[in-house]
Amino acid sequence: GTLHPVKPVSLRGVVERCSGLLSRVADGCAIEVGYGEAAAAPVEVAEEAVERILVNLVRNSAAAMRGKENLRAIRVGVGLLENRVGEPKSRSFRRVRLTVEDSGCGMPPEQQRLLCSGRTTSRDGHGIGFGVVQELVGASGGDLRVQSVVGIGTRVQIEWPVAPASTAA
């Protein structure tokens with residue numbers, strides 16, 4: 001089948017709609033959601049893809065925090081990034097960033113490298129859903145970054161370009 005043009009969605013809207021689902025997969029962790037400037041700006045990515053990305057990341061964060069009863073919060077953030085310093089002031093640089101952050105066990109650099117190479121079958125099951133996330137982000141033209149420190153936690157950032165105004169529903 002041919003790919004239908006993706007109807008632009010607001011990341012804020014998707015996060016709000018799946019908050020119940022995310023709470024269920026969070027395995028008892030609190031989810032703190034924060035919205036930055038223009039969190040509702042439309043991005044050209046399928047709503048289902050955003051939902052699956054969120055579910056997988058929240059599930060991974062919850063797994064990473066097992067046993068850290070006192071600090072169990074997963075932070076989900078959505079916000080608009082304006083042009084970075086030194087970039088031409090063109091609208092094409094506006095991107096919306098989705099961040100999922102936890103204060104779990106974190107990952108050693110070699111595990112992060114494995115995650116980024118797509119070979120994700122760690123013994124403790126941490127990062128199993130990450131291959132799915134990478135695939136979805138790649139297929140939707142997003143940009144994925146993982147920052148993690150052992151014992152401190154992990155931050156996953158995904159950025160998508162803001163949909164051109166002409167295609168916004």
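The model is predicted: local features need pLDDT of at least 70, side-chain atom pairs count only at pLDDT 80 or more, and totals for chains, interfaces and linings use all residues. Residues are numbered from 1 along each chain as its sequence is written, and side-chain values use heavy atoms, with hydrogens and water left out.

**Helices**

- Helices (H or I, at least four residues) and strands (E, at least two) are DSSP runs, numbered from the N terminus.
- Helix H3 covers residues 47-64, which makes 18 residues.
- The expected span of a helix is 1.5 Å times one less than its number of residues.
- For H3 that gives 26 Å, and the end C-alpha atoms are 26 Å apart, so the two agree.
- Just after helix H5, Gly-141 has a positive phi of about 75°.

**Burial in the helices**

- Buried means under 20% relative accessible area, exposed means over 50%, and partly exposed lies in between (1.4 Å probe, protein chains only).
- Buried residues of H3 include Ala-49, Val-50, Ile-53, Leu-54 and Leu-57.
- Asn-56, Asn-60 and Ser-61 are also among the buried residues of H3.
- In H5 (residues 130-139), the buried residues are Phe-130, Gly-131, Val-133, Gln-134, Leu-136 and Val-137.
- An α-helix has 3.6 residues a turn, so residues three or four places apart point the same way.

**A salt bridge between helices**

- A salt bridge is a side-chain nitrogen of Lys or Arg within 4 Å of a carboxyl oxygen of Asp or Glu.
- By this rule there are 10 salt bridges.
- One of them joins Arg-17 and Glu-47, at 2.8 Å from N to O.
- This pair links distant parts of the chain: Arg-17 is in helix H1 (residues 11-17) and Glu-47 is in helix H3, 30 residues apart.
- Arg-17 counts as exposed because its relative accessibility is 55%.
- Glu-47 is partly exposed, at 26%.

**Salt bridges between strands**

- Arg-97 pairs with Glu-159, with the closest N and O atoms 2.9 Å apart.
- Arg-97 sits in strand S5 (residues 95-102) and Glu-159 in strand S7 (residues 153-161), 62 residues apart in the chain.
- Arg-97 is partly exposed at 23%, whereas Glu-159 is buried at 0%.
- Arg-155 forms a salt bridge with Glu-101, and their closest N and O atoms are 3.1 Å apart.
- Here Arg-155 belongs to S7 and Glu-101 to S5, 54 residues apart.
- Arg-155 is partly exposed at 29%, while Glu-101 counts as buried at 19%.
- A network of salt bridges links Arg-95, Arg-97, Asp-143, Arg-145 and Glu-159.
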